[in-house]
Amino acid sequence: MLIKNDQVILSAGMLCLAASILLRRFVDPFVGAPVWMAFIEGVLVGGSIALNIAYLVRLRRKRQNG
């Protein structure tokens, strides 16, 4: 992976998750659920899952190696 710092991966994953939640919470009541919003939410949730799993895999690998 191109990112060397594990904390950056974790932070990016959490920001994607928070952005997805906030997008649904604040855009939906005012605009009325536009068509593109479901796509953007899916991309953000998928990115969050991938980044958080990558962080956990790296953490596990570091703990095993000592």
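**View 1. Buried residues and overall make-up of the chain.** Of the chain's 66 residues, 24% count as buried in this predicted model. The chain holds two helices and zero strands. Where contacts link residues at least 6 apart in sequence, 71% of them join residues at least 24 apart.

**View 2. The largest nonpolar core.** Five residues make up this core: I9, C16, L51, A54 and Y55. Both α1 and α2 supply at least two of its residues. The most comes from α2, which gives three residues.

**View 3. Contacts of C16.** C16 is one of the residues of the largest nonpolar core. Leaving aside residues up to four places away in sequence, C16 touches L44, S48 and L51.

**View 4. The nonpolar patch on the surface.** M14, L17, I21, V45, I49, I53 and V57 form this patch, and together they have about 580 Å² of accessible area. The elements giving two or more residues to the patch are α1, spanning 6-31, and α2, spanning 35-65. The largest share, four residues, belongs to α2.

**View 5. I21 in the patch.** I21 lies in helix α1 and is one of the residues of the nonpolar surface patch. Its relative accessibility is 51%, so I21 counts as exposed; the cut-off for that label is over 50%.

Definitions and conventions
Residues are numbered from 1 along each chain as its sequence is written. This is a predicted model: local features need pLDDT of at least 70, side-chain atom pairs count only at pLDDT 80 or more; totals for chains, interfaces and linings use all residues. Side-chain values use heavy atoms; hydrogens and water are left out. Patches are made of residues with over 30% relative accessible area and no salt bridge: like charges are joined within 9 Å, nonpolar side chains (Val, Leu, Ile, Met, Phe, Trp, Tyr) within 5 Å. Accessible areas come from the Shrake-Rupley method with a 1.4 Å probe; for residues, only the protein chains shown count as cover. A salt bridge is a side-chain nitrogen of Lys or Arg within 4 Å of a carboxyl oxygen of Asp or Glu. Buried means under 20% relative accessible area, exposed over 50%, partly exposed in between (1.4 Å probe, protein chains only). A nonpolar core is a set of buried Ala, Val, Leu, Ile, Met, Phe, Trp, Tyr and Cys residues joined through side-chain atoms within 4.5 Å. Contact means heavy atoms within 4.5 Å.
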